Amino acid sequence: MDLSRYAELFRTEAREHLAAIDEALLQLAERDATPTRDTVDALFRAMHTIKGMAGAMGYAPVEQLAHASESLLAAARDRVDHGLGASLGTAFSTLCQDAADALAGHVDDAVDGRAPRAPEAALLRRLVAHTAAWEAPRAVEATGESHVESRVESRVESRAGSHDEADAPPFGERVDELATRPLPSFAETAEFSIADVASAVRGTGSFDTDAVSHTRVVAVTFDPDAPLKAVRAQLVLTRLEALGRVQSTEPPVQSLTDRFEGELVVVVDSTEADDALEAAVRGAGDVRSVRVRSRRERQGNRESLRSVRIDLHRLDALLDLVGELVISRDRLLQVAEQSGDRQVQAAALDASRLVSALQDEILQTRLVPVGHVFDRFPRLVRDVARDLDKMITFAMEGRDIALDRSMLDAIGDPIVHLLRNAIDHGIETADEREAVGKPRAGRLVLRALRDRGSIVIAVEDDGRGIDRARVLARAQSEGRVPAEVRTLDDEALITLLAQPGFSTAATVTAVSGRGVGIDVVASRVRALGGSMEVTTEPGRGTMFALRLPVTLAIVRALLVQVGDQTYAVPAAAITEAVELDDVWAASETRTTDTVTIRDESLPLVRLCGHFGQVAGDDAGTQVIVVDVGGRRVACAVDALLGQQDIVVKPFDAVRGAAALFSGATILGDGRPALIVDVGALA
């Protein structure tokens, strides 16, 4: 059986369990390294599952390291049960984290096909030494031996240099008799040995079947959270084939991919008893139920599957196709309107409704909770805080807010920069905080929230805030700001901080000081069609907020005419639209650079000048008010052409040109139009 096609699925599920380990270790850190039984159980379950999956896939280094870690966790669980949890100490959590980090590397090596490397001897020695030390009292009581730990260490040292898997004895014998628990994979609960399973999987086992056969239907349901269900289903078929002849399966064998959800029906000819068939099936592991019946029995209705796995490339292809379909829909509506035929117009409207519904459904399938990205940051915060010797309380909010998958992939690095910046520049040391009456531990919050048609990702700390005077002085010394400038508002502050190479750090450290960080964030967010805002108060803290569109693929836009060209303005950024003559008629003053709307004076940006178009008179000029990071700006255009769903296409501006556009689109009549970057208008 070829298991290579399940490699990426193994990596995905292994990473989920490694993330669960990180989360449990963070809970452990919050309890001052005193674990509860629930925490240790969570660690044990995750490590045990990784071991079982690695055994199923034949990834020996992963299985060996997970087995040694599992032995440590089993010993730790015993100590917790006996009221000795406080004695585990920080060394326990550090050792578990080191093992998890090493496992992540071995998982990637195995899946990517790199030459397998044996687990580091030093790490194995630490795992076994801790396990031996905690199990030693029970070993002494059982055997009278008082030098268990020294015997373990000597055995590890004597064999640590041998990494030849073909000649080496089993892992338990290589490391320690205290770690000689068998290396069970998912067949550990069956009446068959691991060797039997291995020979069955490889097709080398020999099984006799009687010439006389009886047809049975075997219905198998795996546990919902069972890892590698498709692999286990393949093993079920292999084991049943060893006991008879498989006639058919539902779903078909070729459908047993990573989208298989755990319900399998097999029609098999066998003379074996029903109990033997059931035992063979349960040997695949994580089997919730098995029902064996004769072919004459009517199979009951099974609960329909509620979810399937979809390859991301197929999802991207679907989105591209529906994007082209949206363009064709708009052209069809225009042609139908021009035809004057009411039946054609009705048919076009019906088709338009169906395309819109299809578009909405496909966009929904691409939405992923931001928690998928957020979950990797607690470890980052803990490590950076430890490197900088700072005390940090980290919180995450809004993990269930959904964002487009492509957007989610792109925001990880900007968030990393903001978190590191907050820990290094924003939050003070424990002694500094105590001296000014603050709690010794700084508070850092990562939150996601919805705001109109956008998603806001905010990083907020309760640290010292940004010293505007210091920023201004550094900027003036570098010639970035004129000498006559006396203060910096939030807009000017973020503009300065986002300039490449600008930093107020006195020294360069491993965390910051090279002027790379906020400029990377600003560039990435601008490329995503979003904007960045900053709010800061001396002594109280700072908040950086990234305002992003929900999806990059299809957005609602207002089409406007500027000169003889058509442009698209994202509708989510527009708050209102008025005629310029009406605004000026209601105002006592008439200037060329501001307008007053309901007693609010707004800067007026004439897009003709921005886009290099010939400016006409003001008769009939329309004004759209856009919200740019909380700052409202009035934009003058020649005409409003209507709203439309547009498909966003990448746009590469001429090198050195002003960043005025965030993308391009194709209109219903086939003409291209540029998408205005409203963040560049402020």
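A residue is taken as buried under 20% relative accessible area, as exposed over 50% and as partly exposed in between, with a 1.4 Å probe and protein chains only. By that rule Gly465 is buried, with a relative accessible area of 13%. The structure is a predicted model, in which local features need pLDDT of at least 70 and side-chain atom pairs count only at pLDDT 80 or more, while totals for chains, interfaces and linings use all residues. Residues are numbered from 1 along each chain as its sequence is written, and side-chain values use heavy atoms, with hydrogens and water left out.

To begin with the chain as a whole, 47% of the 682 residues count as buried. The chain has 21 helices and 21 strands; these are DSSP runs numbered from the N terminus, helices being H or I with at least four residues and strands being E with at least two. The exposed surface comes to about 33800 Å², and carbon and sulfur atoms supply 49% of it (Shrake-Rupley method, 1.4 Å probe; for residues, only the protein chains shown count as cover). Where contacts join residues at least 6 apart in sequence, 69% of them link residues at least 24 apart, a contact being heavy atoms within 4.5 Å.

Because 8 of its 8 residues are buried, β3 is largely enclosed by the rest of the structure. Glu263, Val265, Val267 and Asp269 point one way from the strand, and Leu264, Val266, Val268 and Ser270 point the other way. Two strands are said to pair if DSSP finds at least two bridges between them. β1 and β3 run antiparallel and are joined by 8 bridges, with Val218 standing opposite Val266 in β3. Strand β2 (residues 245-250) also pairs with β3 in the antiparallel sense, over 5 bridges, and here Val246 stands opposite Val268.

Helix α10 (residues 274-282) brings β3 back into view. Its buried residues are Leu277, Ala279, Ala280 and Val281. These residues pack against β1 (214-222), α9 (229-243), β3 (263-270) and β4 (287-294).

Aromatic rings come next. A pair of aromatic rings is described by the distance of the centres and the angle of the planes. Rings of Phe, Tyr and Trp (its six-membered ring) pair if their centres lie within 6.5 Å; planes under 30 degrees apart count as stacked, over 60 as edge-to-face and the rest as tilted. A search of the whole structure gives 5 aromatic pairs. The rings of Phe374 and Phe377 have centres 6.5 Å apart and planes at 50°, so this pair is tilted. Both Phe374 and Phe377 are buried. Tyr567 and Phe661, by contrast, form a stacked pair, with 5.9 Å from centre to centre and 5° between the planes. Since Tyr567 belongs to strand β13 (residues 565-570) and Phe661 to strand β20 (residues 661-666), the pair ties together parts that are 94 residues apart in sequence. Tyr567 is buried at 6% relative accessibility, and ring pairs link Tyr567, Phe611 and Phe661 into a cluster.

A charged group also meets a ring: Arg77 lies over the face of Phe44, at 4.1 Å from the ring centre. Such a placement calls for NZ of Lys or CZ of Arg within 6 Å of the ring centre and within 35 degrees of the ring normal.

For cysteines, a disulfide is a pair of sulfur atoms within 2.5 Å, and the count by this rule is 0. Cys608 is buried at 9% relative accessibility, and Cys635 is buried with a relative accessible area of 0%.

A few single positions complete the picture. Gly465 sits in the loop between β9 (454-461) and α17 (468-477). Neighbours within four places in sequence aside, Gly465 is in contact with Thr536, Glu537, Gly539, Gly541 and Thr542. Its C-alpha atom is separated by 9.4 Å from that of Ala422, 43 residues apart along the chain. Leu497, in helix α18 (residues 490-497), is likewise buried, with a relative accessible area of 13%. Not counting residues up to four places away in sequence, Leu497 touches Ile466, Phe502, Ile518, Asp519 and Phe544. Asp389, in the loop between α14 (377-387) and β6 (392-397), is exposed at 66% relative accessibility. Although Asp389 is not a glycine, it has a positive phi of about 55°.
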